[in-house]
Amino acid sequence: MFRTFETTLAGRPLVIETGKMAQLTNGHCLVRYGDTVVMVNVTASRSPREGVDFFPLSVDYEEKLYSVGKIPGGYIKREGKPSEKAILTSRVIDRPIRPLFPSDLRNDVSVVATVLSVEQDNPPEVAAMIGTSIAISISDVPWNGPIGGVWLGLVDGEYVINPTVEQREKSEMLVTVAGTKQKVVMIEAGANEVSEADMYNAIMFAHEEIKKICAFLKKIVDEIGKPKFEYEHMVVDQGLFDDIRDYAEEQVKQALDTDDKTVRDARLLVVYEDVYVHFEDKYPQEEYKAQIDEALYKLQKTVVRNWLMYDKKRVDGRGILELRPLSAEVGLLPRAHGSGLFSRGQTQCLSVTTLAPVGEAQIIDGLGLEESK
């Protein structure tokens, strides 16, 4: 049945439509934020994917150039691969929603947010995040939502929710904040060297708006939400976990207690093989390998958590407030215009810069106002 729900966000109308389109999906909504329109569809497989020990979730934010009245440039007059902005937006949506699914869910879940119309003052990225939250919440897919999300700016000393294009040009920061009613779960920030206090207060200001969004979404779920479907739980047998913990806990501690990740991985591989052999008669691999792997992973988390809580140390021996060794070098490559190597422990990033004339600027086919780069 077709339903509409309306509220305001940053003083602009936010309208949610359900029941008109995509009726074969598990969950669907059309979000209208001013003249910005985003369609979000959620689908899930009926059975878990075989042989995986993770939750197979995919999130796609799909930009359509017709949404801003553009035709793609070049010879092919149709959409190409996702833009950099689209990929980053997919990740920003993925981050806050993924932890709210059951940890033992192994059914494929697909979220597709399609941008149909864009009014630049009303960001489609925010509409897509809110639409994703609604579509999953009212679907029959198990999920512990809803979440809300906003952009936040600092204009003339005042915090602004979802700043307009004009306000963004003057803003000292542009922060994406997502969260549940209880807590902030994701922050994506860019700022002009604002103070920690300003950033903290901005996040808290955004969370107050997110609480209102979550309350609005909860009312929608109460009215039209579907019962959540039952799924095959990936639960580790308590007896099996106790046996593995009693046998391998000290080995796991010794394997984890190093600041070299390659050494740690090699040690854990030996522990895994030893556990497989030791319990082959009681828990044969053909039947129990997935459960043994899950039990060993759970045991590692238990060991690490106990170290953090009671010994106040991390896996590599660092204290809670101690950073990994940091280093930075420049000028590594003689022919590039610029190069730098940044290292934090064993994590490294090599950056290389090449300059080109203005005539070689990249023409951008995107939904924003930027046309070249």
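**Salt bridges, cores and surface in a predicted model**

Q: Which residue does Lys282 form a salt bridge with?
A: Lys282 pairs with Asp243, and the closest N and O atoms are 2.8 Å apart. Keep in mind that this is a predicted model.

Q: Where do those two sit in the chain?
A: Lys282 is in the loop between helix H6 (261-278) and H7, while Asp243 is in helix H5 (residues 238-256). They are 39 residues apart, and the pair links distant parts of the chain.

Q: Is Lys282 buried or exposed?
A: Lys282 counts as exposed because its relative accessibility is 51%, and the cut-off for exposed is over 50%. Asp243 is partly exposed, at 22%.

Q: Why can such side chains pair at all?
A: Side chains with opposite charge can pair when their charged atoms come close.

Q: How many salt bridges are there in the whole structure?
A: A search finds 18. One of them joins the side chains of Asp257 and Lys313, at 3.8 Å from N to O.

Q: Where are Asp257 and Lys313?
A: Asp257 lies in the loop between H5 and H6, and Lys313 in the loop between H7 and E11. That pair is 56 residues apart and also links distant parts of the chain. Asp257 is partly exposed at 41%, and Lys313 is partly exposed at 22%.

Q: What about Glu208 and Lys211?
A: Their side chains meet in a salt bridge of 3.2 Å, N to O. Both are in helix H4, and because they are 3 residues apart there, about one helical turn separates them. Glu208 has a relative accessible area of 44%, so it is partly exposed. Lys211, at 30%, counts as partly exposed.

Q: Which residues are linked in a network of salt bridges?
A: Asp242, Arg245 and Asp246.

Q: New topic. What is in the largest nonpolar core?
A: That core has 63 residues. Leu9, Ile16, Ile97, Phe101 and Val109 touch the most other members. Helix H4 (residues 196-224) gives the most to this core, with 10 residues.

Q: What does Ile97 touch?
A: Leaving out residues up to four places away in sequence, Ile97 touches Leu57, Val59, Val111, Thr132, Ile136, Trp143 and Ile147. Apart from the core that includes Ile97 lies another core of 22 residues, among them Leu240, Val275, Phe279 and Leu299.

Q: Back to H4. How exposed is Ala215?
A: Ala215, found in helix H4, counts as partly exposed at 35% relative accessibility. Ala215 and Lys181 are 34 residues apart in sequence, but their C-alpha atoms are 7.7 Å apart in space.

Q: And Glu17, is that buried or exposed?
A: Glu17 counts as buried because its relative accessibility is 11%, and buried means under 20%. Glu17 is in strand E2 (residues 12-18). The side chain of Glu17 makes a polar contact with the side chain of Arg32, at 2.7 Å. Beyond neighbours within four places in sequence, the contacts of Glu17 include Phe2, Thr4 and Cys29.

Q: Which residues form the nonpolar patch on the surface?
A: Leu308, Met309, Tyr310, Ile320 and Leu321 form it, with about 570 Å² of accessible area together. Leu321 is in the loop between helix H7 (285-311) and strand E11 (326-330), and counts as exposed at 85%.

Q: How many helices and strands does the protein chain have?
A: The chain has 7 helices and 13 strands. Buried residues make up 40% of its 373 residues.

Notes:
Residues numbered from 1 in each chain as written. Predicted model: local features only at pLDDT ≥ 70, side-chain atom pairs only at ≥ 80, totals over all residues. Heavy atoms only, no water. Helix = DSSP H or I, 4+ residues; strand = E, 2+ residues; numbered from the N terminus. Buried < 20%, exposed > 50% of the residue type's maximum accessible area, 1.4 Å probe, protein only. Polar contact = N/O pair within 3.5 Å; in protein donor to acceptor, adjacent residues only side chain to side chain. Contact = heavy atoms within 4.5 Å. Patch = residues over 30% accessible without salt bridge, like charges linked within 9 Å, V, L, I, M, F, W, Y side chains within 5 Å. Areas by Shrake-Rupley, 256 points an atom, 1.4 Å probe, with all protein chains shown as cover. Salt bridge = Lys/Arg side-chain N within 4 Å of Asp/Glu carboxyl O. Core = buried A, V, L, I, M, F, W, Y, C linked by side-chain atoms within 4.5 Å.
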